[in-house]
Amino acid sequence: MPVPNPAAMEFFLTRRSRPPRTLTTPVPSRGDLMPMLTAAMRVPDHGKLEPWRFIVLERAALLRLAEAARVRGAEMGIEPERIEKGAAQFADAHLAVVVVKVPRDTGKVPEIEQVLSAGAVCLSLLNAALASGWGAAWLSGWHVHDPDFRTRALGLAEGEWVAGVIHIGTETSAPPDRPRPDPDALIQWVAA
Ligand SMILES: Cc1cc2nc3c(=O)[nH]c(=O)nc-3n(C[C@H](O)[C@H](O)[C@H](O)COP(=O)(O)O)c2cc1C
């Protein structure tokens, strides 16, 4: 007989991100973060390759990255509004965790499966933060997908890229939930 975990199911049925603009201090301490990061690593990982790692960005680093995004955005000729939107992701944040997709040389496990594992890490970290009572959101942006920004500002190595930036903080308000998918429209049952 299955042994249900109703609290866990209730969490999964109601979980939702919090818009980063609604997050403020306090943010989790390094000690608070460790169980969340440990939970995030507990994901399916074909071949036990661990094709991911974490960079925890604290406030001063986030401010440095905001400035680096402004400089890089101008170099790239991006419209000022879009530059500022990207830079503000860092400037307005107090804590964010970059989930880095790390290349692993293997002939056995297809790259796509390693990518999916990195995505699973992002969602697990988001869920671990939410389950710990923090507000959190999964972001990206032109900056983290730019090879130059990745290397110079984030210090990523050749072949590494950003799977997601998970912002974590204290929630100030909870805007209405977004519309959720209709399960009946998306599920095909195959009985035979
Ligand atoms: C890979 C990925 C990148 C995302 N990047 C952004 C982003 O840069 N800006 C944004 O507003 N939302 C972004 N989102 C969407 C947010 O995470 C959004 O808040 C999310 O869809 C909320 O869903 P939830 O409430 O079910 O967690 C991204 C989502 C994913 C999966």
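A crossing of two helices is called left-handed if the near helix is turned anticlockwise from the far one by less than a right angle, and right-handed if clockwise. The model here is a predicted one: local features need pLDDT of at least 70, side-chain atom pairs count only at pLDDT 80 or more, and totals for chains, interfaces and linings use all residues. Residue numbers start from 1 along each chain as its sequence is written.

Start with the overall layout. The protein has 7 helices and 5 strands, taken as DSSP runs numbered from the N terminus (H or I, at least four residues, for helices; E, at least two, for strands). Read from the N terminus, the order is α-β-α-β-α-α-β-α-β-α-β-α. The C-alpha trace spans about 60 × 45 × 40 Å along its principal axes. An unreviewed UniProt entry carries the annotation "domain: Nitroreductase" over residues 15–169; such annotations use the numbering given here, have shortened feature names and may be inferred rather than shown by experiment. That stretch is 44% helix and 19% strand, and its end C-alpha atoms sit 16 Å apart.

Now for the helix packing. Two packed helices are described by the angle between their axes and the distance between the axes. Axes here are lines fitted to C-alpha atoms, for helices over the stretch in contact, with angles running from 0 to 180 degrees between N-to-C directions. Helix H3 (residues 59–76) and helix H4 (residues 80–91) have axes that come within 7 Å and cross at roughly 165°. That makes H3 roughly antiparallel to H4 (angles under 35 degrees count as roughly parallel, over 145 as roughly antiparallel, 65 to 115 as roughly perpendicular and the rest as oblique). The H3–H4 crossing is right-handed. On the H3 side the contact uses Leu62, Leu63, Leu65, Ala66, Ala69, Arg70, Gly73 and Ala74, which meet Ile83, Gly86, Ala87, Phe90 and Ala91 in H4; contact means C-beta atoms, placed from the backbone, within 7 Å. By class, these residues are 10 nonpolar, 2 polar and 1 charged (Ala, Val, Leu, Ile, Met, Phe, Trp, Tyr, Cys and Pro count as nonpolar, Asp, Glu, Lys and Arg as charged, and the others, Gly among them, as polar).

Helix H2 (residues 30–40) and helix H5 (residues 111–131) also pack, with axes that come within 8 Å and cross at roughly 145°. Met36, Leu37, Ala39 and Ala40 of H2 touch Val121, Ser124, Leu125, Ala128 and Ala129 of H5, a set with 8 nonpolar, 1 polar and no charged residues.

Around the ligand lie Arg16, Ser17, Ala137, Trp138, Leu139, Ser140, Gly141 and Gly164, each with its C-beta atom, placed from the backbone, within 6 Å of the ligand. Strand S4 (residues 135–139) gives the most to this shell, with 3 residues.

Most residues other than glycine have a negative phi, and most peptide bonds are trans. The bond from threonine 25 to proline 26 is cis, with omega near -5°, and lysine 48 has a positive phi of about 50°.

Methods:
Two residues are in contact if their C-beta atoms, placed from the backbone, lie within 7 Å.
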